[in-house]
Amino acid sequence: MHIPEGLIPAQQAAAWYAPAAAFVGAGLVGLKRRLAIQPSARPLIGLLGAFVFVISLMPIPVPGLGTVSHPCGTPMAAILLGPLTATVLGSVALLLQALFFAHGGITSWGANIISMAVGGSFAGFAAFRISRRAGLGLGISAGMAGFIGDLVTYGLTSLQLALALHGDEPVSYVWGAAFASFLPTQVPLAIAEALFTAGVVVFIANQRAEILEGVVVRP
Amino acid sequence: MTGASRNDDGYAWGDSFLSRIDPRVKIAGVTGLLMVNLLAASYLVSGVIALAMALLMIAGRIPYRRQLLMIAFPATFALFAIISQTVFKGGEVFAALGPFDLHLEGFFHGLYLSLRVIAGGLIVVVLGVTTPLNRLCLALRWFRAPATFIEIMQLTYRYLFDIHAEFSRMREAQQARLGWSSARCGLASSRLLGGSLFLRVYERGLRSSEAMRCRGSGPVVNGALSRPGRLDILAGLAVAVFLGALSLLALGGPA
């Protein structure tokens, strides 16, 4: 779920912007280098950016909380392009969603980048690598990436909301309450994202294995 | 989804005074308004901003259905803010809901937050709906946004339309062949659809990318914005006056 414009206080918005800028900056440097060496990578990058946009724009209402949750798409992008590039794609998708659908915001962009783009990409990528190193199959590893990346994103979003809205209660209590409220919708969504990520990655491996060549698929 | 984007761009290209304003002026104005909205900590300031943005959207003839659709997401969060603050922020207890005490001070703080969320959402909506993406990208380049970021933004936007076109075609074909007749069948179809969609759009993208390179098209955003005209200067002045008035309100008005 994207945090909307105006919900988090200015100091916290600035604090989330700093690490987000570092991750996106590092991703852009790598991406610029990659595009200079391999201009034909553009279609794959643009396509995955659009996939992340579409997948993370499917709002599912969270009962009793008055908000929505959705799958992320960044774990799949991280498997295919690496976590830093996936972070850039996530940030682009978040900016476009904020501008054209008011889904997210400009001052909350940094916080959303950290939860969905950075958290989803890096956690999904780590889950994928660990699963592959443990000898699990491509589909199961990709599924793990989708599942873990999705849940980590929601854990981080719940933390951001808890920090912004905890009022007089301890942050840990509000964090737990927010995360628990998301679980009834988020666990099925994480399973759906796992199935989708696994399905797409296996399909690509079977049909066009060269897309995955040189990518971090092998253990 | 992408149909809505197309509508947005359709509106943004339309002949409205909001669409004609230089995107650099809009970006500067929006940045100022977002800052004031966030920093003022005042019901009045957020309320005035929300009202002004709503009037601007009406004056700019942005379709009502589009306005309501776009404000739906911030509105759900406004509700979330009221609920969370009423429960978590202390003060006088006015009722109880199961194990939770409901606090009056928290309720009013939640109301303020919800107003801030709605005002912020409306500011961003006005910018997004009235500015075509390519002009927005040119303005962002003028503000020294990284060229690679802008390029990825344009690529992503372009592929959204390719995905939409291929998705509609493939889903219709699957439905015609009873690919969604049961939950089990639907799951298998969705995975096949996701994978095939990916590959088809990718191949289409590769072909057009090759063709563009053959024609000598470069990756960096092309074109330049014209010099600001009278309308842009007037708009800039109006925003500056409005921001000044809001700052005075924030400093001297009720919290």
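This is a predicted model: local features need pLDDT of at least 70, side-chain atom pairs count only at pLDDT 80 or more; totals for chains, interfaces and linings use all residues.
**Two chains and a crossing of helices**

Good morning. The axes of H4(A) and helix H6 of chain B, residues 104-130, come within 6 Å and cross at roughly 95 degrees. Here axes are lines fitted to C-alpha atoms, for helices over the stretch in contact, with angles from 0 to 180 degrees between N-to-C directions. Angles of 65 to 115 degrees count as roughly perpendicular, so H4(A) and H6(B) are roughly perpendicular to each other. Ala98(A), Leu99(A) and Phe100(A) of H4(A) meet Val124(B), Leu127(B) and Gly128(B) of H6(B); residues are in contact if their C-beta atoms, placed from the backbone, lie within 7 Å. By class, this contact has 5 nonpolar, 1 polar and no charged residues.

Residues are numbered from 1 along each chain as its sequence is written, while chains are lettered from A and ligands numbered from 1 in the order in which they are written.

Turning to the whole interface, 56 residues of chain A are in contact with 57 residues of chain B. Elements giving two or more residues to the chain A side include helix H1 (10-37), helix H4 (83-101) and helix H7 (171-207). That side has 37 nonpolar, 13 polar and 6 charged residues.

Finally, which residues have the most contacts inside the largest nonpolar core? They are Leu48(A) and Ile123(B). Not counting residues up to four places away in sequence, Leu48(A) touches Ala77(A), Leu80(A), Leu81(A) and Leu89(A).

Key: Two residues are in contact if their C-beta atoms, placed from the backbone, lie within 7 Å. Helices (H or I, at least four residues) and strands (E, at least two) are DSSP runs, numbered from the N terminus. Ala, Val, Leu, Ile, Met, Phe, Trp, Tyr, Cys and Pro count as nonpolar, Asp, Glu, Lys and Arg as charged, and the others, Gly among them, as polar. A nonpolar core is a set of buried Ala, Val, Leu, Ile, Met, Phe, Trp, Tyr and Cys residues joined through C-beta atoms within 7 Å. A residue is buried if 20 or more other C-beta atoms lie within 10 Å of its own, exposed if 12 or fewer, and partly exposed in between; C-beta atoms are placed from the backbone. Angles under 35 degrees count as roughly parallel, over 145 as roughly antiparallel, 65 to 115 as roughly perpendicular and the rest as oblique.
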